[in-house]
Amino acid sequence: MRILVDYRPALRERTGVGEYIHQVATALVATAPAGEELVLFSSSWKDRVPPDALPGARIIDRRVPVRVLNTLWHRAEWPPVEWLGASAIDVCQSAHPLLMPAKRAAQAVMVHDLDFLDHPERTRAEIRRDYPALARRHAHRADRVVVVSEHTAGEVERRLGVPRSHITVCQPGTPGWRRRDREPAEGGYILFLGTLEPRKNVRVLLDAYERLLARWPAAPPLVLAGRARPDAAPLVARATAGPLAGHVELPGYVQPDRRLALYAGALVFVLPSHTEGFGLPAAEAMMAGVPVIAADRGALRESVGSAGWLVDPDDPDALAHALHTVLTDASRRRVMSDDGRRHAEQFTWERTARHLREAWQLALEHRRRRG
């Protein structure tokens, strides 16, 4: 079987979708059975896939601007991937909810979350223009719909009307990190990792941290790690002024090879998002042995579960209380660290790859049935 995977989200900063695509592609190559070939597809005017990005995978890299190709694919459903060099492909795996056009290959789409339906104002470019209008139709036309959590599977069934039997859950994995031996002796911090954007609910995190500082002026600093989108300018301004000045650090995007060191310095990890398709940073933090406080919303109940402390993301007082309790109780942190590590160990990229292969077999069978 020859599978083509849309690798474009992993071209630049590997956050969210890009990290998922890169890691599962790595696992697919490492566990490939005889006769399976993985093809990574990319198109960009400026960014190129490094030749050694994933040894063992074939790379198709076209110098076509992403926005141009997306407009053609989403609106005209042209050109088919076979015309772009992907000959003899059996399955095309989109990285997003909209199809990659193909003449003969089975087509699978991937849905991480449906926030674009409820809050299009949080999105931009073709996501705002195309996803809300086309996602339902593309999901029904796909030979298989791949989702990253049971929560998203339920949302796709309920909101898009896709039968549960047509959906495959492929949860992300966690890195094979060794657990840190001990907490930072000094200089530990509260950590958030993710793109600074409205749906991550950083505003309430800042509200909670300001309350924590008022109660405990010597509280550890807050590190907001991740790229700041333009609409996050008010959050950045607030974090660097007033009572928070000098207490909040903004290191920007963190390269994948530096993330373990970032987690290793954290006393507690916080993810207060209004919605998450899965919440991979929370699972990574647990794998690193860091206690996790997360929003009691959506897929975070699944990725964090009872191993973390789930709070109402609209209640900064509750979040401030959780932070204070965890930070001042070393025995609680040890229990949360142990429970979190055990919970995170169930998520492996090898399991993700196995479930994805099952989805592709079902996509091929569906394609054959409909001729």
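Serine 44 counts as buried because its relative accessibility is 5%; buried means under 20% relative accessible area, exposed over 50%, partly exposed in between, with a 1.4 Å probe and protein chains only. This is a predicted model, in which local features need pLDDT of at least 70, side-chain atom pairs count only at pLDDT 80 or more, and totals for chains, interfaces and linings use all residues. Residues are numbered from 1 along each chain as its sequence is written, and side-chain values use heavy atoms, leaving out hydrogens and water.

Serine 44 sits in the loop between strand S2 (37-43) and strand S3 (58-62). Strands (E, at least two residues) and helices (H or I, at least four) are DSSP runs, numbered from the N terminus. Proline 51 lies in the loop between S2 and S3. Proline 51 is exposed, at 79% relative accessible area.

| Pair | Separation in sequence | C-alpha distance |
|---|---|---|
| Serine 44 and leucine 69 | 25 residues | 8.9 Å |
| Proline 51 and aspartate 61 | ten residues | 9.8 Å |

What does serine 44 contact, leaving aside its neighbours within four places in sequence? The partners are Leu11, Arg62, Arg63, Val64, Pro65 and Val66. Contact means heavy atoms within 4.5 Å.

Now the sheet. Six strands form an open sheet with parallel pairing, in the order S10-S9-S8-S11-S12-S13. Its edge strands are S10 (248-252) and S13 (309-311), each pairing on one side only. Two strands pair if DSSP finds at least two bridges between them. Strand S9 (residues 222-225) and S10 pair in the parallel sense over three bridges. Alanine 225 has glycine 252 in S10 as its bridge partner.
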